[in-house]
Amino acid sequence: MTPARLHSLGLLILYLTTGNGQDGKFSGPLKPMTFSIYEGQESTQVIFQFKANHFAETFVLTGETDDIFKIEPSGLLYSTRALDRETRATHHLQIAALDGNNRTVEGPVPIIIEVKDINDNRPMFLQPKYEGSVRQNSRPGKPFMYVNATDLDDPATPNGQLFYEIVIQLPKINNAMYFQIHNKTGAISLSRQGSQELDPVKNPSYNLVVSVKDMGGQNEHSFSDTASVDITVMENIWKAPDLVEIVENSTDPHPLKITQVLWNDPGAQYSLVEKEKLPTFPFSIDQEGNIYVTQPLDREEKSSYVFYAVAKDEQGKPLAFPLTISVNVKDINDNPPTCPSAVTVFEVQENERLGSSIGIFTAHDMDEENTINSILKYKILEQSPKVPMDGLFLMDEYQGRLQLAQQSLRKQDAPQYNLTVEVSDKDFKTLCSVLVNVIDINDQIPIFEKSNYGNLTLPEDTAIGSTILTIQATDGDEPFTGSSKILYRITQGDNGGRLGVDTDPKTNAGYVIIKKPLDFETEPVSNIVFQAENPEPLVSGVAYNASSFALFHLIVTDVNEAPLFSQNIFQAQVSEDVPIGTKVGNVTARDPEGLDVRYSLRDNMNWLKIDPTTGEIFSAAPLDRETTNLHRVQVVATEVGGSSLRSTSEFQLSLTDVNDNPPRLAKNYTGLFFCYPLSAPSSLIFEATDDDQRSFRGFQFTFALGSDSLRNDWEVSKINGTHARLSTKHTGFEERVYEIPIRINDGGRPPLEGLVSLPVTFCSCVEGSCFRPAGRQDGIPSVGMAVGILLTTFLIIGIILAVVFIRIRKDKGKDDAQGAQASEVKPLRS
């Protein structure tokens with residue numbers, strides 16, 4: 001056997017053993033087709049068995065065979081060695097069928113072989129070592145360098161998908177990673193902690209070991225590679241400038257450069273942002289980072305400014321945190337001193353000692369405090385009047401303290417002084433007005449016009465608020481001041497506070513008034529002593545004496561007064577079931593003159609009676625809380641003898657409940673019905689109540705049928721303390737009214753039970769309402785009966801009308817006959 005035949009036999013065996021001999025799966029007619037084959041498989045692989053028409057004797061293969069693809073004369077397409085996608089990913093072939101004369105009888109048709117990728121290539125960094133630099137405080141997450149790797153495998157499959165990560169960082173301080181890498185792009189940037197903590201002084205350089213893996217880094221069989229990255233940390237030049245100082249009201253040309261900010265790299269776009277909204281923002285920045293003030297500033301209008309400088313990239317994204325720019329406006333002496341007010345007023349008491357401080361005069365200067373521009377000097381230029389001499393006052397040159405310089409002042413010499421004060425700073429002077437009022441001191445005591453106002457007799461029923469006496473004292477101090485105002489105080493004879501004294505603010509007269517009732521029986525005669533004093537304290541060495549005291553004798557006369565009850569309202573409480581004649585309370589009253597008192601009741605309604613001598617009150621009739629739970633009566637106390645004066649008080653008697661009322665139905669149940677005939681056992685709900693007082697838990701009734709004979713037909717079940725359900729036990733009831741007796745027990749002390757009757761009607765229903773024909777209802781006449789009653793009524797009315805008519809005719813006939821007779825006997829008049 002020739003080698004060619006042996007090769008064909010081997011392919012046939014391979015074709016059959018791989019299952020390709022099954023028609024329709026790996027064989028078919030000659031037509032355009034596409035096959036996908038994994039690279040790196042066995043050297044010989046059968047691809048497809050083509051079939052041609054009966055004229056074809058052989059097949060030929062052309063195109064990008066790369067001496068890998070062959071075809072047998074029988075049409076069996078196969079590969080002779082493993083494929084490599086990285087060498088050629090797609091092979092474009094043509095197959096034609098030839099007859100015995102090598103003429104094409106079918107085709108050529110295109111055949112495409114797609115080589116599918118397997119992970120047979122490891123990723124490789126483009127260079128084994130990378131170098132980069134970064135500024136401290138750079139924005140976290142913004143890349144400052146990239147590392148790149150390649151993989152010959154198909155990038156559209158996981159085989160060519162790369163995953164970057166930082167394996168080692170040296171040095172690693174406090175176990176913190178200062179750098180981070182984008183796992184897909186290889187972009188290296190600072191972490192948030194690195195942005196805050198990188199310092200070129202402490203560590204000017206770092207080394208990273210970066211790895212790259214294929215299969216997206218998610219497969220344990222993935223390939224990897226590593227590279228070294230050296231990073232130099234450079235000082236951050238994006239720093240806030242020092243405090244900027246600008247002289248106010250500058251006359252230099254504007255805009256005027258005041259400072260500059262710079263981003264670490266060229267190409268940044270700069271802008272300013274206000275911290276506080278101002279009517280006009282007087283600063284600007286150019287794209288070189290130069291910051292300008294655009295107009296003169298006034299320190300007195302605003303002494304400082306704070307705003308932010310921002311650097312952005314070409315896309316308008318911030319490159320780093322904004323910088324705070326602080327500007328202080330330096331003061332110049334451009335404001336004169338100002339007076340605190342048009343006239344500054346001070347007061348000084350007469351007889352003050354030499355050197356006494358009168359007050360501190362403080363002027364103002366709008367220039368900056370604690371600088372030479374705002375240091376003020378004070379000087380008195382003029383005093384008016386100059387009595388008793390000039391130079392009475394002295395003012396401290398820098399503190400402005402005003403003092404007495406020559407002697408004590410007297411109001412008799414001058415009640416006030418006008419001073420002209422010069423206030424100056426290093427460039428300006430201002431004149432201010434100061435007024436000094438001389439205040440009278442309290443060196444005079446009040447003196448009564450007379451020391452004894454005699455006897456004053458008043459009845460004990462004098463009305464409260466009545467003015468009974470006017471007293472008068474005078475004071476030699478300045479009028480209408482605290483030194484001359486007089487207050488009157490009762491110092492003796494009125495421990496009960498019956499009297500009071502009001503002072504007239506204009507005349508200092510004292511009006512003695514009644515504040516509490518006078519009482520002859522307790523205090524018929526009193527010696528009242530007054531003292532006149534000032535609200536301001538007296539000066540040292542002056543004291544009140546007998547001239548500031550006065551007295552009068554108060555004599556209270558007796559008036560017959562009505563008895564006085566010890567209380568305005570008397571209250572008592574008893575149980576509602578107390579027997580008649582039980583003492584339920586008592587009242588007390590006394591007569592101021594000591595007379596006996598008799599008691600009586602008013603508006604009593606005969607429920608109570610009172611002992612006229614002792615005031616004890618007794619029940620006079622059965623009491624019922626359910627009728628009236630609170631009895632109110634007027635108690636009258638009348639003096640015995642004398643003028644028989646009387647007074648009244650109120651007695652209130654509240655009744656506590658006892659269980660004396662059995663339970664009952666809460667309402668009149670007359671419309672209870674069931675539709676006849678019953679289709680199933682039914683029920684209805686009813687409610688009970690009790691006239692006794694409800695406990696805090698409410699009523700707790702129990703319910704039961706009133707007759708044992710009903711237990712086969714009816715059932716009563718409790719729902720809650722006041723409601724129960726009446727249910728039928730079957731459906732065989734007649735069409736009539738059933739009276740169901742129900743026993744309701746209140747469970748009280750003692751327990752009471754009520755027997756009630758619940759009427760329940762079984763009737764035919766129309767649209768859910770009970771309907772009973774009129775002829776079948778008791779007491780309602782039938783239609784025939786109703787017609788008969790109506791006809792009888794009409795007949796009786798007709799008979800009555802006929803009798804009346806006949807009677808009227810008869811009366812009229814008599815009247816006519818009498819008239820005729822009268823006309824016959826009546827004489828004619830000529």
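**The cysteine links**

Guide: Count the bonded cysteines of the protein chain in sequence order, and the pairing reads 1-2, 3-5, 4-6. This is a predicted model, in which local features need pLDDT of at least 70, side-chain atom pairs count only at pLDDT 80 or more, and totals for chains, interfaces and linings use all residues. Residues are numbered from 1 along each chain as its sequence is written, and side-chain values use heavy atoms, leaving out hydrogens and water.

Searching the whole structure turns up three disulfides. A disulfide here is a pair of cysteine sulfur atoms within 2.5 Å.

Start with Cys339 and Cys432. Their sulfur atoms are 1.9 Å apart. The link is left-handed, with -90° about the S-S bond. It connects distant parts of the chain, 93 residues apart. Cys339 sits in the loop between strand E24 (323-330) and strand E25 (343-349), whereas Cys432 belongs to strand E31 (residues 429-439). Strands (E, at least two residues) are DSSP runs, numbered from the N terminus. Cys432 is buried at 3% relative accessible area, while Cys339 is partly exposed at 24%. Buried means under 20% relative accessible area, exposed over 50%, and partly exposed in between (1.4 Å probe, protein chains only).

Next come Cys675 and Cys765. Here too the sulfur atoms lie 1.9 Å apart. With -100° about the S-S bond, this link is left-handed. Cys675 lies in strand E50 (residues 673-675) and Cys765 in strand E56 (residues 753-766), so the bond ties together parts 90 residues apart in sequence. Cys675 is partly exposed, with a relative accessible area of 33%. Cys765 is partly exposed as well, at 27%.

The remaining pair is Cys763 with Cys770, S to S 1.7 Å. Cys763 is buried, with 0% relative accessible area. Cys770, by contrast, is partly exposed at 35%.

Now to the surroundings. A nonpolar core is a set of buried Ala, Val, Leu, Ile, Met, Phe, Trp, Tyr and Cys residues joined through side-chain atoms within 4.5 Å. The largest one has 26 residues, and Phe686, Trp714, Leu726, Ile740, Ile742 and Leu758 touch the most other members. E56, the strand that holds Cys765, is among the elements giving two or more residues to this core. The others are strand E51 (683-689), strand E52 (702-705), strand E53 (714-718), strand E54 (723-728) and strand E55 (737-745).

Look at Ile742. Leaving aside residues up to four places away in sequence, Ile742 touches Phe686, Ala704, Leu705, Gly706, Val716, Leu726, Gly754, Leu755, Val756 and Leu758. Contact means heavy atoms within 4.5 Å. A second, separate core has 25 residues, including Trp263, Tyr270, Leu278 and Ile325. In soluble globular proteins, nonpolar side chains tend to be buried together.

Four strands form an open sheet in the order E32-E34-E37-E36, paired antiparallel. Two strands pair if DSSP finds at least two bridges between them. Strand E32 (447-448) and strand E36 (499-503) stand at the edges with a single partner strand each, so one side of each has no neighbour in the sheet. E36 pairs with strand E37 (residues 509-514) over five bridges. Val501 has Val512 in E37 as its bridge partner.
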